[in-house]
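Please look through the following structure with this short briefing at hand. The notes are grouped by topic.

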Amino acid sequence: MASVQLDHVSKRFGAVAAVQDVTLDIADQEFLVLLGPSGCGKTTTLRMVAGLEELTEGRIQIGDRDVSHLPPKDRDIAMVFQNYALYPHMTVYENMAFGLKLHRTPKAEIDRRVKEAAAILGLEGLLTRRPKELSGGQRQRVALGRAIVREPKAFLMDEPLSNLDAKLRTQTRVELKRLHQRLGATIIYVTHDQTEAMTLGTRIVVMKDGVVQQVDTPEGIYHRPANVFVATFVGTPAMNIVDATIERHQGQLAAVIDGQKLLLSGPLAAALESWGRPTVRLGIRPEDISVGVPSDPPGPSVDAVVRLVEPMGHENLVYTDVGSANVVVRTGNDWTGGVGDRVTLYWNPQRIHAFDPESERSLLFS
Ligand code: ATP
């Protein structure tokens, strides 16, 4: 396996700046996920690494080779796409062996690699079947097998699970994670699914409009988002974002949300103090607020009215209004309140985020 480097890589399609100045250092054996909404440039980035798309600017290195202008076949990478496009008239074995045959790999070596990949993927019993005799998940595993037998320097995967139903998707996701551990492979993986990104990635690259917003571990993306976009793209329901003005109240800083004062302390108060502007955009995740019961450590609080309760089985989502601001709270499934209740929302003081209302950049983590 090998490391992969993108150095100031850009791609323009006429007037469309699909990928803008992307620099990434992907370590050997890393599982790097490119995450973002449709059209953010993640597929184009992957296709440039694959050699399927010319770079407009920049350079790409795989291992210690500059591959920027090499055709795909000379880059020593294997690709897995959502459309697994197996050859319908070939058996599973033949599908996996086909690429190696084209490369004139000796028969015994092909046999060894196909059997090894089949064992890793649990396909041993299916080698003589044709694609139409397989389930969607099995077909996707054959597509993975076809990539594994190549023993490439890196795997490039573009939404490989998106054609599977929800249950199979979860199962295959787990298999993919095990596979990564077992192969010690370098994987670059494109998805718009935050759960896949959070569970699979050793690091996640969040993209928007062709621009990298943040590169971090899943934990870092979730707990230390660099801007409002990252904060609200990852997490379901999304992080609450509310506009507030900043005032001083009996010597302490307070964020005023529609007339209600939320007293601030710690690093957040210090950051706002040194920032020194009159307004801020505050963020807090639904699980970092408690309803009615003071958080531990006791945090600042505001009053709210319950607008809607969604019982999810394992938890409740409680949608509230704090004045004109909407704030959703995640509670245990034993929470018994209802619509119209007046409640107090306690904010975990260590989990409150603050963003510049203009640039939307985090005042704490950028
Ligand atoms: P999706 O999840 O929908 O595949 P994506 O994040 O992978 O989206 P890209 O496919 O990389 O996004 O596209 C990035 C931008 O480049 C989009 O605005 C898209 O319309 C544009 N684009 C992609 N390919 C081409 C092309 N061949 N010609 C012109 N514009 C293109």
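Methionine 157 touches Leu46, Val80, Leu144, Leu176, Ile187, Ile188, Tyr189 and Val190, leaving aside residues up to four places away in sequence; a contact means heavy atoms within 4.5 Å. The model is predicted: local features need pLDDT of at least 70, side-chain atom pairs count only at pLDDT 80 or more, and totals for chains, interfaces and linings use all residues. Residues are numbered from 1 along each chain as its sequence is written, and side-chain values use heavy atoms, with hydrogens and water left out.

**Cores**
- Met157 is among the residues with the most contacts inside the largest nonpolar core, which has 46 residues.
- A nonpolar core is a set of buried Ala, Val, Leu, Ile, Met, Phe, Trp, Tyr and Cys residues joined through side-chain atoms within 4.5 Å, where buried means under 20% relative accessible area with a 1.4 Å probe, protein chains only.
- Leu35, Met96, Phe155 and Tyr189 are also among the residues with the most contacts inside this largest core.
- Helix 3, residues 107–121, gives the most to this core, with 6 residues.
- A second, separate core of 31 residues includes Ile257, Leu264, Val329 and Ala354.

**Whole chain**
- The protein chain has 9 helices and 20 strands, which are DSSP runs numbered from the N terminus (helices: H or I, at least four residues; strands: E, at least two).
- Of the 366 residues in the protein chain, 50% are buried.
- Among contacts in the protein chain with a separation of 6 or more, 65% join residues 24 or more positions apart.
- The C-alpha atoms fill a box of roughly 80 × 45 × 35 Å, taken along the principal axes.
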